[in-house]
Amino acid sequence: MARPAQRRAVRSKTDQREVPVLSRLAEIAPVGMLLTGLDGAARYLNPAFTRLLGYRLDPEDALDGFDLLHGSDAHAGRQRLERLARGEAELYRGEHRMRHADGQPIWVMLAAALARDAEGGPDCVMIQVTSIELQKRAEEALAHSESRWNFALEGARQGVWDHDIRNDTMFYSRMWRRMRGIADDEVIGKDHQDQWISRVHPDDVARVLTDIEKQDRGDENFDALEYRERARDGRYIWIMSRGRPVEWDEDGNALRTIGTDTDITYLKTIEQELAAEKERLRVTLEAIADGMIATDAQGKVTFINPAAEHFTGYSALEAKGLPAETVLPLRYHSEEAAPCPAILCLTHGETTEIADEVVLVSRDGHRRDIRCLASPVRTPEGRISGAVLVFQDVTQSRALQRQLAHSASHDDLTGLPNRVAFDRALNHAIASARDQRRRHCLLYIDLDRFKPVNDTAGHAAGDALLKQVAETIRGACREHDLPARIGGDEFAVLLEDCPPTNGREIGEKIGRAIASLVFSWVGRDYRIGASIGLTTIAQSPASALGFMGEADAACYAAKAGGRGQLVSFGDIRTAHP
């Protein structure tokens, strides 16, 4: 049951996205408008509805929009609205008494329409109410004074018509004539129906003639009809015509039908603008390439656009009602689950962006790098009613970024880290040796007999040989060692957490592997070797040369001593104190 006027109805927690669209046009409409869910729960009502029936939205008190009919009208009217909500009908119009917030009944013309979602399923019910209190009072007073009901109807801008079927004559009230621009004293003869039909919009004629026949028979489903009629100034106006038989012969045939016409052009204009706005929104959401997911306040999906359907693998129908993190499962590249930005947004009440690189794993297992941003949706009172999450497929751009980052730190020819990357790693190793007392080894490798290959076979041969050497060095190292190309035919290897004895073994292994290479180019075989210098990275360098200088000096000593060998900087210091 409804609460008194000082208590307010609660807004539904589902699908709040329609409220901003409706409010732009409906807030100023003189017609009362109520938007409900399929269960009757109120989602939105405009000021005209409040002025007419006294209800407002209140988060503390739910309002059943189907439960506002009064007295004997309640059961039949609710059945009509529930039938509409089930999708068994598209439109319902009827005269009913509705219960004001103070408990008093008010006669209204109730028009209810079913709105469908993008999939064609029932979505919500829009109820429009227009007070017909004056009309009803006029009808009650009709038996007492024709002037009284005629004055009341004119005040309500209701045009009256009276069809005597026996002699096919029509009476039209002054307001009926005025809304069409017909003079009060203009005679409307026997051809009144032909004249009227000639003014009806061509697209409405067939339907109107069928409905009029049913109306004349007293069919309760056709006591009201809408159509477009051309006024004398040439414009078409929308007419709501209500009527029913009031006299019958002994066989039950209608002899007289009375009704009223209302100009509902303004209401129809609003309906058309709302429909156009909804269509523009639908087309926009379908056209954008970014995925968009809307949720309610609990993080359950209420809407996803076609792009989001493509990215996630969920259709809009499948996704609706599921948790956002189910529809949009995110992972870091480490495969650890990443938080859903929509849930974070609802939790903290502020716009949330996932700054780290995350991957969307769709239902079919396809992985996409995405960038996503979620923003809260608030009611006019400031309460969070849901969230909107927008995400983009950035797989290609991130792959390009990784490629650029790799190119900046790696040698284009060999694929090994370049001098810049090696220096960065070396500095980190030196700091760990100084601060954590760790010990590492550094190898400096200079190829022997490489220049003749380059000079005689050409630079293409030299490049091919350098690639083989790089692969050979990489294969001779431990998995966590860092080999790098630091010059034309010069290489270096950082051996972390490696004592000098093990460093010498690895360096000699690299030297043997390079010496065993047989490089063939255009039918000719070439053999090269390597001179290798080794130094130990401890808390501080053994000389002013620094660790890289010590390894270079040891390599120079290896070359001077006959090439194809490994020399430790410690051996040089011992020999030349």
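Before I start on the strands, a reminder to myself: two strands pair if DSSP finds at least two bridges between them. The model I am reading is a predicted one.

**Entry 1: a bridge partner.** I looked up M109 and found that its bridge partner in β7 is T130. Then I checked the two strands behind this bridge. Strand β6 covers residues 105-116 and strand β7 covers residues 122-131, and they pair in the antiparallel sense over nine bridges.

**Entry 2: the whole sheet.** Next I wanted to know in what order the strands of the sheet run. I read β3-β2-β7-β6-β5, an open sheet of five strands with antiparallel pairing. At the edges I found β3 (42-45) and β5 (91-99); each has a single partner strand, so one side of each is left without a neighbour in the sheet.

Entry 3: Which strands does helix α3 lie across? I got β5, β6 and β7 for this helix, which spans residues 73-85 and runs at about 15° to β6.

**Entry 4: Q135.** My last stop was Q135, in helix α4 (residues 133-141). Is Q135 buried or exposed? Its relative accessibility is 2%, and buried means under 20%, so Q135 counts as buried. I then looked for a polar partner and noted that the side chain of Q135 makes a polar contact with the side chain of R242, at 3.3 Å. I also checked R157, which is 22 residues from Q135 along the chain; the C-alpha atoms of the two are separated by 9.4 Å.

Notes. Residues are numbered from 1 along each chain as its sequence is written. This is a predicted model: local features need pLDDT of at least 70, side-chain atom pairs count only at pLDDT 80 or more; totals for chains, interfaces and linings use all residues. Side-chain values use heavy atoms; hydrogens and water are left out. Helices (H or I, at least four residues) and strands (E, at least two) are DSSP runs, numbered from the N terminus. Contact means heavy atoms within 4.5 Å. Axes are lines fitted to C-alpha atoms, for helices over the stretch in contact, and angles run from 0 to 180 degrees between N-to-C directions. Buried means under 20% relative accessible area, exposed over 50%, partly exposed in between (1.4 Å probe, protein chains only). A polar contact is a pair of N or O atoms within 3.5 Å; within protein, one must be able to donate a hydrogen and the other to accept it, and residues adjacent in sequence count only if both atoms are side-chain atoms.
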